[in-house]
Amino acid sequence: MSKTNKIHAAVYTVLGIAIVILSILWYRSWSREKELRTAVNNSYDRAFFQLADYVTDIDALLSKAQLAASPAQMASISNEIFMQAAEAKSCFGELPSGNVNLENTARFLSQVGDYTYVLSQSMINGQGISAEEYENLNALNEYAASLSQSLGDIEQKIYQGDLSFSASDDTSAGSAVAASSIFTDLENVEKSFDGYPALIYDGPFSEHIENMQSYMLSSAPELTRDEALAKAKEFLGERGEGLQYETEMTNTAIEAYMFGKSDEDSHLTISITKRGGYVLYFLDSRSVTEQNYDVQSATEEAMRFLEDHGIYGLVDSYYDMSENIATINFAYSQNGVRCYSDLVKVRVALDTGEIVGMECKGYLMNHRERELGGAVLTQEEAQARVSSHLDVTATTMAVIPKDSMREVLCYEFKGTYMNKNFIVYINAENGREEEILLLIESENGILTI
């Protein structure tokens with residue numbers, strides 16, 4: 001064999017080996033990808049089948065709820081619905097949504113457990129369930145039945161191989177249709193919620209919460225961007241020099257302009273409400289490396305700052321310390337009654353006492369002068385509703401927000417039990433025990449759970 005032929009043979013041999021190696025690597029990659037696709041598809045199938053089962057259970061439980069005559073039975077059923085709805089939401093969150101908007105389906109799963117829980121509490125408190133609430137319960141039952149039927153139909157198609165969450169190895173047209181049409185089916189499920197009732201109730205997923213308007217800003221005049229920038233600079237003083245427009249916050253309860261500037265070691269941002277020109281929040285991200293102020297001094301600095309900017313009538317409540325910064329929570333006090341909805345948070349740098357942040361959303365959303373003459377019980381009558389195990393050490397009156405943002409006038413009883421500090425809120429109108437909070441106190445702050 002000539003030298004040239006030997007070279008050609010060697011080259012062909014190397015190429016052949018390379019092709020074999022590449023083929024093996026490609027096959028392994030393809031096989032691994034196939035295994036991953038199969039595993040993902042199986043997880044989607046599992047989540048969907050479990051979702052269908054939970055919705056079927058919710059449908060049956062809603063039927064039972066409409067026949068529950070005792071508070072104990074209603075509480076038991078509502079607890080089951082709440083748990084099944086939570087599990088259904090978890091499974092729903094595991095599914096791919098494609099380009100399909102499934103907002104109504106998600107809203108149903110959020111509201112159904114929440115709404116039945118509120119109804120059970122009404123029965124426990126002796127208020128009963130109104131005719132309108134029974135109508136809502138029946139409507140939820142009908143939507144649950146429809147959703148269960150739709151999910152069952154999709155489940156059957158998946159079992160038959162007519163639908164799939166992910167494309168299979170087969171790249172034929174039929175496979176592609178099967179992979180994509182499941183989103184069409186899910187879109188049809190979403191359309192079945194057309195006409196779904198707007199549920200207004202005392203819970204965190206009530207429709208009215210999304211549509212809440214700010215008490216302070218609803219009738220305030222609207223500012224231009226330049227006017228808002230002038231407000232921001234006025235608020236910050238010397239620190240406001242060099243502020244630039246960054247973005248706009250829209251489609252929120254409080255729309256605002258955001259401005260900012262960056263220095264070598266920090267970034268400062270401030271948000272000014274479009275209506276009224278109030279500071280929604282500001283944050284100076286400079287590092288704080290030492291602590292020269294204690295909490296009491298920091299609280300005094302924060303209060304002085306608020307009053308210097310025209311915010312009066314606040315009292316401090318809880319605080320948190322982290323990275324040499326104290327965050328002090330303030331609530332509005334109206335004639336000695338603490339209104340916890342009107343919340344302002346102030347961040348104080350403990351090296352110089354400088355204010356490096358403020359957040360006013362709670363205050364801007366809720367602040368107004370309230371009618372506070374609804375107390376029916378005396379302090380003594382309210383305290384009689386507190387557990388005898390609590391050693392009461394302080395009492396005041398407060399307005400507290402519920403999950404639905406409904407406010408309740410209460411007596412606030414602070415006390416101790418087994419070397420732990422608690423706060424108990426008793427409804428000043430009907431004597432109901434509204435909240436029990438555990439105070440967590442440490443060197444880093446006072447928080448409630």
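These are my notebook entries on what I looked up in this structure, which is a predicted model.

**Entry 1: the whole chain**

I began with the chain as a whole and found ten helices and 13 strands in it. I then looked up burial, and buried residues make up 43% of the 449 residues. For the contacts with a separation of 6 or more, I noted that residues 24 or more positions apart account for 57% of them.

**Entry 2: helix 7**

I turned next to helix 7, which covers residues 225–236. I checked its length: at 1.5 Å a residue its twelve residues should span 16 Å, and the end C-alpha atoms are 17 Å apart, which agrees. Which residues of helix 7 are buried? I listed Ala-228, Leu-229, Ala-232, Phe-235 and Leu-236. Looking down the axis of helix 7, I saw that these buried residues fall within an arc of 125°, so they line one face of the helix. I wrote down a general rule beside this: an α-helix has 3.6 residues a turn, so residues three or four places apart point the same way.

On the face of helix 7 turned away from its buried side I found the exposed residues Asp-226 and Glu-234. The buried residues of helix 7 are covered by elements that include strand 2 (256–262), strand 3 (267–273), strand 4, helix 8 and strand 8. Just after helix 7, I noted that Gly-237 takes a positive phi of about 65°.

**Entry 3: helix 8**

As helix 8 is part of what covers the buried residues of helix 7, I looked it up next. Helix 8 runs over residues 295–308, and its 14 residues reach 20 Å from the first C-alpha to the last, close to the 20 Å expected at 1.5 Å a residue. Its buried residues are Val-295, Ala-298, Thr-299, Ala-302, Met-303, Phe-305 and Leu-306. Seen down the axis of helix 8, they fall within an arc of 160°, so they line one face of the helix.

The face of helix 8 turned away from its buried side carries the exposed residues Gln-296 and Asp-308. I also asked what the buried residues of helix 8 pack against. The elements I found are helix 7, strand 4 (279–284), strand 5 (314–322), strand 6 (325–334), strand 7 (337–349) and strand 8 (355–359). Just after helix 8, Gly-310 takes a positive phi of about 80°.

**Entry 4: the largest pocket and Glu-434**

I then looked up the largest pocket, which has a volume of about 740 Å³. Of the 31 residues that line this pocket, the closest to its centre are Asp-202, Lys-402, Arg-406, Arg-432 and Glu-434. Helix 3 (103–124), strand 9 (391–401), strand 10 (407–417) and strand 12 each supply at least two residues of the lining, and the largest share, five residues, comes from helix 3. By class, I recorded ten nonpolar, eight polar and 13 charged residues in the lining of the largest pocket.

Is Glu-434 buried or exposed? Its relative accessible area is 11%, and as buried means under 20%, Glu-434 counts as buried. Leaving aside neighbours within four places in sequence, I found Glu-434 in contact with Ile-400, Lys-402, Val-408, Cys-410, Tyr-425 and Asn-427.

**Entry 5: the second largest pocket**

The second largest pocket has a volume of about 490 Å³. Of the 17 residues that line it, the closest to its centre are Tyr-340, Ser-341, Leu-343, Pro-401 and Thr-448. The elements that give two or more residues to this lining are strand 5, strand 7, helix 9 (361–366), strand 9 and strand 12, and strand 7 gives the largest share, four residues. I sorted the lining of the second largest pocket into eight nonpolar, six polar and three charged residues.

**Entry 6: a cavity**

Searching the whole structure for cavities of 30 Å³ or more, I found one, and about 40 Å³ of space lies in the largest cavity. Leu-51, Phe-92, Leu-102, Thr-105, Leu-147, Leu-151, Leu-186 and Val-189 line this cavity, and they divide into seven nonpolar, one polar and no charged. Helix 4 (131–159) and helix 5 (173–191) each supply at least two residues of the lining.

Technical notes: Residues are numbered from 1 along each chain as its sequence is written. This is a predicted model: local features need pLDDT of at least 70, side-chain atom pairs count only at pLDDT 80 or more; totals for chains, interfaces and linings use all residues. Side-chain values use heavy atoms; hydrogens and water are left out. The expected span of a helix is 1.5 Å times one less than its number of residues. Buried means under 20% relative accessible area, exposed over 50%, partly exposed in between (1.4 Å probe, protein chains only). The arc is that of the directions from the helix axis to the C-beta atoms. Contact means heavy atoms within 4.5 Å. On a 1 Å grid over the protein atoms alone, a cavity is a set of points where a 1.4 Å probe fits but cannot get out, and a pocket is an open set with protein on both sides within 12 Å along at least five of seven lines; lining residues have an atom within 4 Å of a point. Grid points are joined across faces, edges and corners, and a volume is the space filled by probe spheres set on the points. Ala, Val, Leu, Ile, Met, Phe, Trp, Tyr, Cys and Pro count as nonpolar, Asp, Glu, Lys and Arg as charged, and the others, Gly among them, as polar.
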